[in-house]
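Please keep the sequence and the model in view while reading.

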Amino acid sequence: VDRVGETAYSQCWVLKALVSLSSQTIKEEEVLAEDLENEFCQLWDMSSDKQVARFMLDKGVCDLVLAPLVRSTNYRVREVSLGIVANLMCHSTSAKLVTSHNTLRTFIPTLMREDDVSVL
């Protein structure tokens, strides 16, 4: 069965969307394609579900969201990536795993120098 826990969400879809987000290298001035924006926003929303959050963490979401934070200068891509991290932090078990990821824990505070309010 291709479901995340007891949800109706597809494991394959979640993984595909995470990999797609992870591979984003678009620049600040570039516009994210509408279909990708919709996909990433759905992923962001889904990450608030406890079962989806756990599934994402089991699949290495910390490394996957860190990649576009480091490589992309596009504010929307960074906003979505940080939004996923924020949603993961809403669940105590997930929060412990996120805060134990050394690179993510040390990189996120560097984003406080960003000019874009959505990233802050």
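**Helix 3 and its surroundings**

In helix 3, which covers residues 50–58, the buried residues are Val-52, Ala-53, Phe-55, Met-56 and Leu-57. The model is a predicted one, and every value below is computed from its atoms. The buried residues of helix 3 pack against helix 1 (11–22), helix 2 (34–46), helix 4 (61–71), helix 5 (75–88) and helix 6 (92–99).

**Ends of helix 3**

- At the N-terminal end, helix 3 is capped by Asp-49, which places a side-chain oxygen 2.9 Å from the backbone nitrogen of Gln-51.
- After helix 3 comes Gly-60, a residue with a positive phi, near 85°.

**Leu-88 in helix 5**

- Leu-88 belongs to helix 5, and with a relative accessible area of 1% Leu-88 is buried, because the cut-off for that class is under 20%.
- Leu-88 and Leu-57 are 31 residues apart along the chain, while their C-alpha atoms are separated by 8.6 Å.

- The side chains of Asn-87 and Ser-47 are joined by a polar contact of 3.0 Å.
- When residues up to four places away in sequence are not counted, the residues that Asn-87 touches are Trp-44, Ser-47 and Ser-48.
- Ser-48 sits in the loop between helix 2 and helix 3, where its relative accessibility of 41% makes Ser-48 partly exposed.
- Apart from neighbours within four places in sequence, Ser-48 is in contact with Asn-87 and His-91, and the side chain of Ser-48 also reaches the backbone oxygen of Asp-45 at 2.7 Å.
- From Ser-48 to Lys-96 the separation is 48 residues in sequence and 15 Å in space, taken C-alpha to C-alpha.

- Gln-24 is located in the loop between helix 1 and helix 2, and with a relative accessible area of 8% Gln-24 is buried.
- The side chain of Gln-24 comes to 3.1 Å from the backbone oxygen of Ser-20.
- Beyond its neighbours within four places in sequence, Gln-24 has contacts with Leu-32, Leu-36, Phe-40, Pro-68, Arg-71, Ser-72 and Val-77.
- Ser-72 is placed in the loop between helix 4 and helix 5, and its relative accessible area of 0% puts Ser-72 in the buried class.
- With residues up to four places away in sequence left out, Ser-72 touches Gln-24, Thr-25, Ile-26, Ala-67, Val-77 and Arg-78; for Ile-26 there is also a polar approach, in which its backbone oxygen lies 2.7 Å from a polar atom of the Ser-72 side chain.
- Val-77 is in contact with Gln-24 and is likewise touched by Ser-72.
- Between Ser-72 and Lys-50, which are 22 residues apart along the chain, the C-alpha atoms are separated by 27 Å.

**The chain as a whole**

- The secondary structure of the protein chain amounts to seven helices and zero strands, and read along the sequence the pattern is α-α-α-α-α-α-α.
- The radius of gyration is 14 Å, close to the 14 Å that the globule rule gives for 120 residues, so the chain is as compact as a globular protein of that length.
- Along its principal axes, the C-alpha trace spans about 40 × 30 × 20 Å.
- Of the 120 residues, 45% count as buried, and among contacts between residues at least 6 apart in sequence, 68% join residues at least 24 apart.
- The protein chain exposes about 6500 Å², of which carbon and sulfur atoms supply 54%.
- There are 12 positive and 17 negative side chains, and the centres of these two sets lie 10 Å apart.

Terms used:
Residues numbered from 1 in each chain as written. Predicted model: local features only at pLDDT ≥ 70, side-chain atom pairs only at ≥ 80, totals over all residues. Heavy atoms only, no water. Helix = DSSP H or I, 4+ residues; strand = E, 2+ residues; numbered from the N terminus. Rg over C-alpha atoms; globule rule 2.2 N^0.38 Å. Buried < 20%, exposed > 50% of the residue type's maximum accessible area, 1.4 Å probe, protein only. Contact = heavy atoms within 4.5 Å. Areas by Shrake-Rupley, 256 points an atom, 1.4 Å probe, with all protein chains shown as cover. Lys, Arg positive; Asp, Glu negative; His and termini not counted. Charge placed at Lys NZ, Arg CZ, Asp CG, Glu CD. Polar contact = N/O pair within 3.5 Å; in protein donor to acceptor, adjacent residues only side chain to side chain.
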